[in-house]
Amino acid sequence: SRRRHTRSLCDGVQTCALPILNILGVSCFYHDAAACLLVNGRIVGAASEEAFTRKKHDSSLPVNAIRYVLAEAGLEVGDLSAVVYYDKPIRKLDRALRSWLDVFPAGFSSFIRRMPHLAGVQLRLPSELTKELGYKGPVLYSERSEEHTSELQSHSDLVCRLLLEKK
């Protein structure tokens with residue numbers, strides 16, 4: 001059964017508790033894979049998959065990095081409130097298709113090489129997380145442009161916004 005983590009937010013005059021949000025941020029399948037764990041908006045751990053596999057620019061699902069950040073925080077996969085992926089795979093696919101069409105026919109060989117990857121693993125992220133880690137919770141996708149916007153004060157703002165949009 002899933003453990004419910006709560007903490008008191010009151011001064012003792014009344015009793016109240018809010019659930020702790022454990023958000024796992026994941027970047028993978030493109031350049032360097034990494035995982036970052038936020039607990040109630042605070043970064044409590046981050047790791048690059050390359051540090052564990054010793055493969056330069058390892059882009060695989062960061063299973064080792066995920067296990068590491070969870071262990072450092074004393075959490076298990078079942079304690080996660082959500083996983084947030086750094087990009088929307090459908091939007092990425094759309095950007096790639098538009099780029100390939102802009103340079104057609106010169107980009108056709110690149111299209112043939114990259115399309116199975118873009119249409120494959122990236123679209124199956126939730127099932128990959130279940131298969132590799134046993135995670136069955138929500139998977140949210142970030143707008144790539146939101147990562148760089150100056151109006152967000154922190155990564156926790158982005159995570160909170162994503163969680164609110166999901167509800």
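Let me start with accessibility: a residue is buried under 20% relative accessible area, exposed over 50% and partly exposed in between, using a 1.4 Å probe and protein chains only. What you see is a predicted model, in which local features need pLDDT of at least 70 and side-chain atom pairs count only at pLDDT 80 or more, while totals for chains, interfaces and linings use all residues. Residues are numbered from 1 along each chain as its sequence is written, and side-chain values use heavy atoms, with hydrogens and water left out.

First, the rings. Rings of Phe, Tyr and Trp (for Trp, the six-membered ring) pair if their centres lie within 6.5 Å; planes under 30 degrees apart are stacked, over 60 edge-to-face, and the rest tilted. The structure has seven aromatic pairs. One of them joins Tyr85 and Tyr141, edge-to-face, at 6.1 Å centre to centre with 80 degrees between the planes. Tyr85 is in strand β6 and Tyr141 in strand β7, so this pair ties together parts 56 residues apart in sequence. Helices (H or I, at least four residues) and strands (E, at least two) are DSSP runs, numbered from the N terminus. Tyr85 is buried, at 1% relative accessibility, whereas Tyr141 is partly exposed at 23%. Ring pairs also link both of these tyrosines with Phe29 and Tyr86 into a cluster.

Phe108 and Phe111 make a stacked pair, because their ring centres are 6.1 Å apart and their planes are at 25 degrees. The two sit three residues apart in helix α4 (residues 108-119), about one helical turn. Phe108 is partly exposed at 44% relative accessibility, and Phe111 is partly exposed at 24%.

Next, the core. A nonpolar core here is a set of buried Ala, Val, Leu, Ile, Met, Phe, Trp, Tyr and Cys residues joined through side-chain atoms within 4.5 Å. Which members of the largest core touch the most others? Of its 30 residues, they are Leu24, Cys28, Ile66, Leu125, Leu129 and Tyr135. Elements giving two or more residues to this core are β3 (22-27), β4 (34-39), α2 (63-73), β6 (82-85), α5 (125-133) and β7 (139-141). The largest share, five residues, comes from α2.

Take Leu129 as an example. Leaving aside neighbours within four places in sequence, Leu129 is in contact (heavy atoms within 4.5 Å) with Leu61, Ile66, Val83, Gly134, Tyr135 and Val139. There is also a second, separate core of five residues, including Leu93, Ala96, Trp100 and Met115.

Last, the hairpin. β4 and β5 (residues 42-48) pair antiparallel over six bridges; pairing requires at least two DSSP bridges between two strands. Val39 stands opposite Arg42 in β5. Two residues lie between the strands, and Asn40 in the turn has a positive phi of about 50 degrees.
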